[in-house]
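Please look through the sequence and the structure shown here before reading the notes that follow. They are grouped by topic, so that each part can be checked against the picture.

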Amino acid sequence: EVQLVESGGGLVQAGESLRLSCGASGFTFDDYALGWFRQAPGKGREAVACINAGGDFTYYEDSVKGRFTISRDNAKNTVYLQVSSLEPEDTAVYYCAADFIWCRREMDYWGEGTLVTVSS
């Protein structure tokens with residue numbers, strides 16, 4: 001059974017940082033691109049950061065460049081999202097996802113999400 005389990009969300013103040021983690025099982029982690037997506041209240045889901053299977057290519061949505069960092073630890077089957085200088089606009093449910101090709105709207109596997117709330 002494939003599982004992606006996010007953790008690390010919470011309530012923080014603007015300007016603070018968090019590290020989101022996502023542990024994976026049930027598929028060959030090393031072969032998959034990984035992404036972090038978010039969905040804010042009343043908005044659609046968007047990709048915020050992606051990393052390829054080799055860990056040497058990343059993508060960031062414009063509004064998070066310089067503030068968010070995606071990384072992966074293949075030995076631990078875990079992907080991370082370091083989020084810094086948080087803004088109220090970053091409030092959302094954050095999902096990790098895996099895909100054999102790359103980040104796209106319909107990823108192969110999804111986690112359940114972790115809520116990040118940023119107060120001003």
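Which cysteine forms a disulfide with C50? In this predicted model, the partner of C50 is C103, and the two sulfur atoms lie 2.1 Å apart.

**Disulfides**

- The model holds 2 disulfides, and when the bonded cysteines are counted along the chain, their pattern is 1-3, 2-4.
- In the disulfide between C50 and C103, the torsion about the S-S bond is about -120 degrees, and the disulfide is therefore left-handed.
- Because C50 belongs to strand β5 (residues 45-51) while C103 sits in the loop between β9 and β10, this pair ties together parts that are 53 residues apart in sequence.
- Both members of this pair, C50 and C103, are buried.
- The other bond joins C22 to C96, with a distance of 1.8 Å from S to S.
- Since C22 lies in strand β3 (residues 18-25) and C96 in strand β9 (residues 92-99), the bond ties together parts that are 74 residues apart in sequence.
- C22 and C96 are likewise both buried.

**Nonpolar cores**

- In soluble globular proteins, nonpolar side chains tend to be buried together.
- The largest nonpolar core in this model has 29 residues, and W36, I70, L81 and Y94 are those with the most contacts inside it.
- The elements that each give two or more residues to this core are β3, β4, β5, β7, β8, β9 and β11.

**A buried aspartate**

- D90 is located in the loop between β8 and β9, and because its relative accessibility is 2%, where buried means under 20%, D90 counts as buried.
- Apart from neighbours within four places in sequence, D90 is in contact with R38, R67, F68, S85, V116 and V118.

**Strand β11 and its partners**

- Strand β11 has a covered face made of T114, V116 and V118, whereas L115, T117 and S119 make up its uncovered face; V116 and V118 are also among the contacts of D90.
- Strand β2 (residues 10-13) runs parallel to β11 and is joined to β11 by 4 bridges, with L11 standing opposite T117.
- Strand β9 pairs with β11 in the antiparallel sense over 3 bridges, and here A92 stands opposite V116.

Methods: Residues are numbered from 1 along each chain as its sequence is written. This is a predicted model: local features need pLDDT of at least 70, side-chain atom pairs count only at pLDDT 80 or more; totals for chains, interfaces and linings use all residues. Side-chain values use heavy atoms; hydrogens and water are left out. A disulfide is a pair of cysteine sulfur atoms within 2.5 Å. Buried means under 20% relative accessible area, exposed over 50%, partly exposed in between (1.4 Å probe, protein chains only). A nonpolar core is a set of buried Ala, Val, Leu, Ile, Met, Phe, Trp, Tyr and Cys residues joined through side-chain atoms within 4.5 Å. Contact means heavy atoms within 4.5 Å. Two strands pair if DSSP finds at least two bridges between them.
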